[in-house]
Amino acid sequence: EDALKIHAELLHTPGNLTLSAYNRQLWNHPFDEKKLQYAQSNVVLTRKLADSSQWGAAEIRARGGMLAKVASEIWTGPKGLSEYA
């Protein structure tokens, strides 16, 4: 029951999403199988997933936080208030 709740909560969050040319082949396989493909990715963020020993709620949340931090450093947003704010 807890696994179903975690799955529903985190499945489509940024921390659980990655770029892969193999999404159809990997979508429902165990993480250990996915890691083999991730390790060969040309996308650094995807390749780094292969360094994880497991993939669960804590890892997904941590990766989501890391992605948010990186995004906020790259895209700083407007310097002043928008007329729509």
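View 1. The model is predicted: local features need pLDDT of at least 70, side-chain atom pairs count only at pLDDT 80 or more, and totals for chains, interfaces and linings use all residues. Residues are numbered from 1 along each chain as its sequence is written, and side-chain values use heavy atoms, with hydrogens and water left out.

**View 2. The buried residues of α3**. Phe-31, Lys-34, Lys-35 and Tyr-38 are buried, that is, under 20% relative accessible area. They lie on the same side of α3 because they cover an arc of only 110° around the axis, taken from the directions from the helix axis to the C-beta atoms. The buried residues of α3 pack against α2 and α4 (44–47).

**View 3. Surroundings of Ala-50**. Residues up to four places away in sequence aside, Ala-50 touches Lys-35, Tyr-38 and Ala-39; contact means heavy atoms within 4.5 Å.

**View 4. Ser-41 in the loop between α3 and α4**. Ser-41 is buried, with a relative accessible area of 13%. Beyond its neighbours within four places in sequence, Ser-41 is in contact with Leu-19, Thr-46 and Arg-47.

**View 5. Asn-28 in the loop between α2 (23–26) and α3 (31–38)**. Asn-28 is exposed, its relative accessible area being 57%. From Asn-28 to Trp-55 the C-alpha to C-alpha separation is 13 Å, and the two are 27 residues apart in sequence.

Terms used: Helices (H or I, at least four residues) and strands (E, at least two) are DSSP runs, numbered from the N terminus. Buried means under 20% relative accessible area, exposed over 50%, partly exposed in between (1.4 Å probe, protein chains only).
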